[in-house]
Amino acid sequence: MADSLDITSSLRFDSAETRNAFRRRIRRWFRTNARDLPWRHTNDPYAIWVSEIMLQQTQVATVIPYWERFLKSFPNVKKLAAADESKVLKLWEGLGYYRRARQLHRAAQVVVQEHGGRFPTKYQEVLALPGIGRYTAGAILSISSDQAYPVLEGNTIRVYSRLDGYTEDVTSGPGQKHLWEFAEQLVTRSHPGELNQALMELGSEICTPRDPDCTNCPVRMHCRAFSDGNPEFYPVNKRAIQYEARRETAVVIEHNDRVLMREYSGRERWAGLWDFPRFETPGAADKDSESGAIEATVQEATGLQVAIGAPFWKTKHAVTKYRIELTCYRSRSSLSNKQLNQIRAPYQWTHLSDLAELPLNVTGRMIAERL
Ligand code: SF4
């Protein structure tokens with residue numbers, strides 16, 4: 001089929017002819033342009049599920065070695081379900097958003113308890129698993145067993161809203177409903193997994209947030225935004241995250257070959273992971289009084305009286321809505337036995353040689369590597 005199509009009719013996705021032409025074009029493009037990713041060589045729903053969870057909020061290049069290590073350690077649901085959570089978190093260390101790992105682990109246990117260790121193939125059963133929403137259920141079932149479920153995630157929200165020229169807020173209830181309906185009308189019984197992957201690949205490689213490569217887009221003749229010359233206007237997002245700047249301090253407190261650490265728990269930001277004493281930097285009038293305020297905060301939190309010198313490392317990173325500037329100090333004050341035993345929960349002395357085995361948060365690992 002020739003790539004030229006009447007522009008007016010090609011923009012009407014309510015026409016079966018347009019939808020068929022669109023599917024043919026995007027599939028043809030995907031077959032010759034798809035990246036060779038390891039999870040594209042399997043139709044095991046467990047392996048695809050792990051990749052989908054890891055890919056939420058994380059770049060493909062980062063995910064590949066994590067996915068390979070994870071599958072090597074836990075080649076099936078039963079192995080994952082039987083593992084200690086600390087081992088799961090250790091393998092996740094550095095990927096961030098650790099709630100994903102904990103939910104994956106819990107969901108594996110549900111699969112063992114309720115489905116005999118076989119990943120369910122019914123949509124409602126998949127959707128009922130912890131950490132799996134409509135998108136992930138649709139992605140797993142369409143890719144692993146060609147079930148005709150649509151997908152809607154960051155990349156496809158952008159692609160659909162540009163194709164459709166959708167000018168309403170994509171984060172609103174009506175916006176989400178509209179885009180899911182748009183996705184539903186595209187998906188078919190014939191190779192839905194390939195179509196879904198092609199749509200996501202287009203969003204990742206061609207229809208990028210900034211400067212989309214419309215000239216090389218295989219479906220530009222179907223695109224309202226391209227026809228109107230304003231792709232970057234889309235998607236309209238009225239709830240874009242408002243980032244908050246925040247200063248935090250970490251203090252490495254050493255005694256002989258041990259260092260003070262803590263495990264986050266409950267609903268804390270990094271529950272299940274370990275870190276050095278860390279807190280929001282106390283407000284102070286100047287640098288000198290800031291040191292004193294930090295020492296007072298350390299004492300209040302840990303029970304230890306320490307003296308900090310100049311910072312040994314600074315970094316910037318993001319966690320949820322926070323843009324954090326983290327400053328790290330090191331205290332080598334000699335502590336008496338009495339002081340050593342004054343530490344408060346959840347802090348505990350940890351041998352430096354044990355740090356390699358503990359699941360640490362990203363900045364905790366970076367600090368450990370600098371010791
Ligand atoms: Fe995206 Fe441009 Fe293709 Fe439209 S033509 S789908 S804006 S890359």
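At what angle do helix 4 and helix 6 pack, and how far apart are their axes? Keep in mind that this is a predicted model. Select residues 85–92 for helix 6 and residues 60–73 for helix 4. The two pack at an angle of about 155°, and their axes are 9 Å apart. Angles over 145 degrees count as roughly antiparallel, so helix 4 is roughly antiparallel to helix 6. To see what touches what, show the side chains of Tyr 66, Arg 69, Phe 70 and Ser 73 on helix 4, then Val 88, Leu 91 and Trp 92 on helix 6. Sorted by class, that contact has five nonpolar residues, one polar and one charged.

While you're here, step back to the loop between helix 3 (45–55) and helix 4, and pick Gln 57. Phi of Gln 57 is near 70°, a positive value in a residue that isn't glycine.

Next stop: another helix pair. Select 154–164 for helix 10 and 173–186 for helix 11. These pack at an angle of about 85°, with axes 10 Å apart, so helix 10 and helix 11 are roughly perpendicular to each other. From helix 10, the contact uses Ile 157, Tyr 160, Ser 161, Leu 163 and Asp 164. From helix 11, bring up Gln 176, His 178, Leu 179, Phe 182, Ala 183 and Leu 186. By class, you're looking at seven nonpolar, three polar and one charged residues.

Now go for the ligand. Which residues surround the ligand? Select Arg 162, Ile 206, Cys 207, Cys 214, Cys 217, Arg 220, Cys 223, Phe 226 and Pro 231. That shell has seven nonpolar residues, two charged and no polar ones. The space taken by the ligand is the largest cavity.

Zoom in on Tyr 234 and Pro 235: a cis peptide bond joins them, with omega about -5°. Pro 235 is in the loop between helix 13 (224–228) and strand 1 (244–255). Then jump to Ala 345 and Pro 346, which are also joined by a cis peptide bond, here with omega about 5°. Where is Pro 346 found? Look in the loop between helix 15 (337–340) and strand 7 (347–351).

Technical notes: Residues numbered from 1 in each chain as written. Predicted model: local features only at pLDDT ≥ 70, side-chain atom pairs only at ≥ 80, totals over all residues. Heavy atoms only, no water. Axes fitted to C-alpha atoms, helices over the stretch in contact; angles between N-to-C directions. Helix = DSSP H or I, 4+ residues; strand = E, 2+ residues; numbered from the N terminus. Parallel < 35°, antiparallel > 145°, perpendicular 65-115°, else oblique. Contact = heavy atoms within 4.5 Å. Nonpolar A, V, L, I, M, F, W, Y, C, P; charged D, E, K, R; others polar. Near = heavy atom within 4 Å. 1 Å grid on protein atoms, 1.4 Å probe; cavity = no way out; pocket = protein on both sides within 12 Å on 5 of 7 lines; lining within 4 Å. Sits in = over half its atoms within 2 Å of the grid points.
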